[in-house]
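Please look over the structure below. This report covers its sheets and one surface patch.

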Amino acid sequence: SGSFGTVTYTLTTGNVGNTFTIDSSSGDVLLLKTLDRETIGSYRIRVVVESSDSKTNSEIVNVTVTDVNDNAPVFESQVYFANVSESATTNTLVSTVSCSDEDSNDNAAITYVIVSGDFGHFSINDNGRITTTSALDVEKRSSYVLSVRCSDGGNKTKLSATATVNVQILAVNEYTPEFLDAPYEVSVNENVSVGTVLYTVSARDNDTGTQGEVRFSLS
């Protein structure tokens, strides 16, 4: 009691970046700087108490910084490119997108959704795997531009990001060329000169690109 009962408090070790201070009389630990869990998630501060007769004691104060949803998820790439054959069966893997979040726990739990551009042909799961859901036909649509969104699991506010997936449909040689206006019957005079065009046949192939080109030969 008396003057020997007066104590003062100080912080010694663990006060990284002088983030905290202490009221030397009351022992109140006060915050001096903004906290960022993604930079430093916890502090182990030693508090020393000293009496007026110079006797001391110390104790550790463990400070845990809890996470708030202050970081939006980020795609590893803003634009993805993928190719898939028009003969691909349902559930064929087209591409895998990836999103990360610097928060923790539910605030870093990522879910994915295709916002637009899939026309009912693609789906995405919670691992970012994009797969086919129905048959593709390059003759009807040769490419798709998917808008994909990833969202975190924030309880109060969900943060999100978007990316684009460009999907090119690769043609397969699925059609046989067919003659137009067949069968052909040609009458020709016996005295026509060599090199005279007797008749022009025509054909078509419903494939695309070079697979839809036709060539003619005699057999």
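## Three-stranded sheet

In what order do the strands of the open three-stranded sheet run, and is the pairing parallel or antiparallel? The order is β8-β12-β11, and the pairing is antiparallel. The edges are β8 (93-96) and β11 (122-124), each of which pairs on one side only. From one strand to the next, the twist averages 20°. Note that this is a predicted model.

β8 and β12 (residues 129-132) run antiparallel and are joined by three bridges.

## Four-stranded sheet

Another open sheet has four strands, ordered β7-β14-β13-β10. Its pairing is mixed. β7 (79-85) and β10 (111-116) are the edge strands, with pairing on one side only for each. Here the twist averages 30° from one strand to the next.

β10 pairs with β13 (residues 143-151) in the antiparallel sense, over five bridges. Within this pair, Val113 has Arg149 of β13 as its bridge partner. In general, strands of a sheet pair through backbone hydrogen bonds, either parallel or antiparallel.

## Nonpolar surface patch

Which residues make the nonpolar surface patch? They are Phe179, Val186, Val188, Val192, Leu198, Tyr199, Val201, Val214 and Phe216. The patch area is about 780 Å².

Tyr199 sits in the loop between β15 (178-180) and β16 (202-204). Is Tyr199 buried or partly exposed? Tyr199 counts as partly exposed because its relative accessibility is 45%, and that class lies between the buried limit of 20% and the exposed limit of 50%.

Terms used
Residues are numbered from 1 along each chain as its sequence is written. This is a predicted model: local features need pLDDT of at least 70, side-chain atom pairs count only at pLDDT 80 or more; totals for chains, interfaces and linings use all residues. Side-chain values use heavy atoms; hydrogens and water are left out. Patches are made of residues with over 30% relative accessible area and no salt bridge: like charges are joined within 9 Å, nonpolar side chains (Val, Leu, Ile, Met, Phe, Trp, Tyr) within 5 Å. Accessible areas come from the Shrake-Rupley method with a 1.4 Å probe; for residues, only the protein chains shown count as cover. A salt bridge is a side-chain nitrogen of Lys or Arg within 4 Å of a carboxyl oxygen of Asp or Glu. Helices (H or I, at least four residues) and strands (E, at least two) are DSSP runs, numbered from the N terminus. Buried means under 20% relative accessible area, exposed over 50%, partly exposed in between (1.4 Å probe, protein chains only). Two strands pair if DSSP finds at least two bridges between them. Axes are lines fitted to C-alpha atoms, for helices over the stretch in contact, and angles run from 0 to 180 degrees between N-to-C directions.
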